[in-house]
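Have a look at the model first, and then take the points in order.

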Amino acid sequence: MIPDSDAEVISRVLAGDTEAFAILVARHRDRFARFARHMMGNREDAEEALQDAFVRAYRSLGRCAEPDRFDAWLYRILANRCRTAAARRRRRERTFVSDDRALDQAWSRPEVERSEWREELARALARLEHKQREAFLLKHVEQLSYEEMSVLTRDGVSALKMRVRRACVRLQLFLKDGDQIRGQHV
Amino acid sequence: MSDEQFDDLIERVAAELREPVALRPDFDARVMARVQQARPRGMGRVLQWLVAPRQVAISPLTGLAAACALILGFWFALAQGRSSRMVAPAAVERVADERLAAEVEVVRFVLVAPGANAVALVGDFNGWDTGSTPLRPVGATDVWSVEVPLVRGAHEYAFVIDGREWRADPAAPRAGSNDFGPPNSVVIVGARAS
C-alpha cells in the first residue's frame, strides 16, 4: 500500500480529520528532532521547540502554500521557534558556554553517558553564533542545497556560503581549543 | 591543518551530528494532545470545514446524474409550490438562523489602499485563501471593504494587495509572533457585552 503523500494528509486534516496530523508528526519528527537538538543544545528545549513547531504548523496548515513541501515549511517554522527560544533563554540565563572559565568548568564536569568526542563537539557547536550554527547544520548535517537553504532562511546564497565557511573555520578552532584544554586537564 | 585535513574534520563532525537523536517515547502523544486542544470546536469547526478549499473528483456520468437529479428536484419543488401553499420551511430556517446568529456576527473589514487594483481578505476563517474573500472598492475612493460572517472567538487575518503584498490591518491589534512571514492582525468576535 502506498502511503499518503504529505499533501494528501494535509487535505485530510483540513477536511476535519485531525488525527491524520499524527501521520505528519511520525513521518518528520526524527529528522527535525536532530536539527532542534543541535540548535538548542539540550533535549528538553529541543523537544519543546519541536512540539511548538508542530502545533503552530497544525494551526496554520491552511497557509501551507506548497503542501508537497510540508517539510520545508516545517523547517522554517522550527528554525524560527529555535531562534525565538534561544533568544528567550539567552535573556533568562547563560546556558550556552561562552567564556573560557565556564568552558573549563563544563569540561571538568563528569558526563559519563556521552563520549568525549560528542561532548567536545556539542560545546564547539554551542559556541557558534546562532545563524552560523543553523547554516552549518542545514548544509552539512541536513545536507540541503544552498538554494533550499535560501528558501528556508530567506538569506541569499552568497551570504549562506560565507556563513557556512565561517562556521567550519570556527568549529575547527573551537575543537582545537578543546584539545588544548583537555591537554591541560590530563 | 591542510585543506584535506580540514575537510576530513568537517566531515567527521557532520557524520557525528547526523546520528539519530532520541525523543521521549510519548512525544507523538504530547504533540497530538496539544493539537487536539488547538482544534477549532463547535461552529468554528463546522465553518472551517465549510470554507476549507478542496478538490472534488467525479466522473462525467455521476455529474450528469447529479445534474438530472437537481433539475428534477427543482421541477418537483416548483410543482409542489404551485399545487399547495409552502409551509414550515421558513419557520425552520428562521430557527436555524437564530441559532446560527447567536454564534455568528457580521464583521466589516475596511482598508485604505491607494493605488491598489485588488484587495483580498485572508484569515484562519477562509483557509488563508487569497481568492475567496475579495474586498470591493467603496465608490471612487481608496477605501476597500467587505463584510464577513464570523463565529465567536479570536481570528487572525491580513489583507493581500494585488495578490502579492501581505499587509496587517493598521487599525487592529497585531497577532502574536508569526513564524510564517509578515505580521497578522486579530479580530475578536463576540467580545462585546450581550
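This is a predicted model: local features need pLDDT of at least 70, side-chain atom pairs count only at pLDDT 80 or more; totals for chains, interfaces and linings use all residues.

1. The buried residues are A:Gln132, A:Arg133, A:Glu134, A:Ala135, A:Phe136, A:Leu137, A:Leu138, A:Lys139 and A:His140.

2. The length of helix 7 of chain A can be checked too. After the helix comes A:Gln143, which has a positive phi, near 55°.

3. A partner for this helix is helix 2 of chain A, residues 21–40. It packs against helix 7 of chain A (residues 130–141) at an angle of about 145°, and the two axes are 10 Å apart. The crossing of helix 2 and helix 7 of chain A is right-handed.

4. Which residues of helix 2 of chain A meet helix 7 of chain A? From helix 2 of chain A they are A:Phe35, A:His38 and A:Met39, and they meet A:Arg133, A:Glu134, A:Leu137 and A:Val141 in helix 7 of chain A. By class, the residues of this contact are four nonpolar, one polar and two charged.

5. Now to the place where the two chains meet. Chain A brings 37 residues to the contact and chain B brings 33 residues. On the chain B side, helix 1 (3–17), helix 2 (27–38) and helix 3 (42–51) each supply at least two residues. Helix 2 of chain B gives the most, with nine residues. The side of chain B that touches chain A is made up of 19 nonpolar, three polar and eleven charged residues.

6. Of its 194 residues, 16% count as buried. Among contacts in chain B with a separation of 6 or more, 61% join residues 24 or more positions apart.

7. What is the order of the strands in the three-stranded open sheet of chain B? The order is 1-4-3, and the pairing is antiparallel. Strand 1 (104–112) and strand 3 (136–137) of chain B are the edge strands, each pairing on one side only. Strand 1 of chain B is joined to strand 4 (residues 143–151) of chain B by nine antiparallel bridges, and B:Val106 stands opposite B:Pro149 in strand 4.

8. Five bridges join it in the antiparallel sense to strand 2 (residues 119–123) of chain B, where B:Val122 has B:Ala158 as its bridge partner. Strand 5 of chain B also pairs antiparallel with strand 7 (residues 185–189) of chain B over five bridges, with B:Glu156 opposite B:Val186.

9. Finally, strand 5 of chain B pairs antiparallel with strand 6 (residues 165–167) of chain B over three bridges. Here B:Ile161 stands opposite B:Glu165 in strand 6. This hairpin has three residues between the strands, and B:Asp162 takes a positive phi near 50°.

Key: Residues are numbered from 1 along each chain as its sequence is written. Chains are lettered from A and ligands numbered from 1 in the order in which they are written. Two residues are in contact if their C-beta atoms, placed from the backbone, lie within 7 Å. Helices (H or I, at least four residues) and strands (E, at least two) are DSSP runs, numbered from the N terminus. Ala, Val, Leu, Ile, Met, Phe, Trp, Tyr, Cys and Pro count as nonpolar, Asp, Glu, Lys and Arg as charged, and the others, Gly among them, as polar. Axes are lines fitted to C-alpha atoms, for helices over the stretch in contact, and angles run from 0 to 180 degrees between N-to-C directions. A crossing is left-handed if the near helix is turned anticlockwise from the far one by less than a right angle, and right-handed if clockwise. A residue is buried if 20 or more other C-beta atoms lie within 10 Å of its own, exposed if 12 or fewer, and partly exposed in between; C-beta atoms are placed from the backbone. Two strands pair if DSSP finds at least two bridges between them.
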